[in-house]
Amino acid sequence: MPIITVHVAPTRDMSDLEQKVAHRVVDLVSRILRKPAEVTAVIVERVNPAVWFVAGRSLLDQDKASYWLSVKVVDGTNTKDEKAQFLSALFEAMGDLLGDLHPESYGYVEEVFADSYGFGGVTQERRYVEKVLAGAAGR
C-alpha cells in the first residue's frame with residue numbers, strides 16, 4: 001500500500017546500496033508506521049553527491065551524504081508520535097547506510113486521501129468499505 005521514493009547521495013561506494021536502502025525502509029515503515037511489508041513498494045534512486053547542493057555547496061565538496069524520502073500513507077492512519085519516531089529512526093538508519101549525513105537530509109510522511117489513493121486499480125477507501133461489509137456479513 002505505501003509507495004516510497006528514496007533519493008540517496010552516498011559518500012561511499014556500495015554495489016547493493018539500493019537493495020539495502022529498500023530493505024531498511026520497508027522494515028521501518030512496517031514496524032513503526034504499521035504498514036504491511038507485502039504491499040509496500042520502494043523506488044530507490046542514487047544521485048551523484050556532486051550534483052546535490054546544500055547552501056550552494058555540493059555534498060561532494062562538503063564530504064557529506066544525504067537522502068530525500070517520501071512515503072505516501074492514508075491520512076489519519078498514523079499518529080504524530082509514530083511519524084516523529086519514523087523520521088528519527090530513518091535518519092539513524094540512513095546514516096548507517098550512507099555515511100556521514102548532512103543535517104539537511106529529509107523524510108516526508110505524506111498523508112493522502114483514501115478515496116484518491118490505491119493500488120491494483122482499487123482505492124484504499126474501497127478496500128476499507130469492503131472489509132467492513134465483509135465483517136458485517138460474517139456476524
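1. Arg31 counts as exposed at 52% relative accessibility, whereas Asp27 is partly exposed at 32%. For these words, buried is under 20% relative accessible area, exposed is over 50%, and partly exposed is in between (1.4 Å probe, protein chains only).

2. A word on what we are looking at: this is a predicted model, in which local features need pLDDT of at least 70 and side-chain atom pairs count only at pLDDT 80 or more, while totals for chains, interfaces and linings use all residues. Residues are numbered from 1 along each chain as its sequence is written, and side-chain values use heavy atoms, with hydrogens and water left out.

3. Now the overall layout. The protein has four helices and eight strands, in the order β-α-β-β-β-α-β-α-β-β-β-α from the N terminus. Both kinds of element are DSSP runs numbered from the N terminus: helices are H or I with at least four residues, strands E with at least two. The C-alpha trace spans about 65 × 30 × 25 Å along its principal axes, and 37% of the 139 residues count as buried. Among contacts (heavy atoms within 4.5 Å) between residues at least 6 apart in sequence, 77% join residues at least 24 apart.

4. Helix H3 deserves a look of its own. With 19 residues (80-98), H3 reaches 26 Å from its first C-alpha to its last, close to the 27 Å expected at 1.5 Å a residue; that expected span is 1.5 Å times one less than the number of residues. Buried in H3 are Glu82, Lys83, Phe86, Leu90, Ala93, Met94, Leu97 and Leu98. Seen down the axis of H3, these residues fall within an arc of 110 degrees, so they line one face of the helix; the arc is that of the directions from the helix axis to the C-beta atoms. On the other side, Lys80, Asp81, Ser88, Glu92 and Asp96 are exposed.

5. What do the buried residues of H3 pack against? Their partners are strand S1 (3-9), helix H1 (17-32), strand S5 (66-74) and strand S6 (106-112). Gly95 also sits in H3 and, leaving aside neighbours within four places in sequence, is in contact with Arg12 and Leu101. Gly99 follows H3, with a positive phi near 105 degrees.

6. Back to the charged pairs. Side chains of opposite charge can pair when their charged atoms come close. The structure holds ten salt bridges, including one between Asp96 and Arg24 (3.8 Å, N to O). Asp96 lies in H3 and Arg24 in H1, so this pair ties together parts that are 72 residues apart in sequence. Asp16 and Lys20 also meet in a salt bridge, at 3.6 Å, N to O.

7. Finally, the surface. Leu133, in helix H4 (residues 124-137), is exposed at 55% relative accessible area. Together with Tyr128, Val129 and Val132, Leu133 forms a nonpolar surface patch of about 380 Å² accessible area.

Notes: Patch = residues over 30% accessible without salt bridge, like charges linked within 9 Å, V, L, I, M, F, W, Y side chains within 5 Å. Areas by Shrake-Rupley, 256 points an atom, 1.4 Å probe, with all protein chains shown as cover. Salt bridge = Lys/Arg side-chain N within 4 Å of Asp/Glu carboxyl O.
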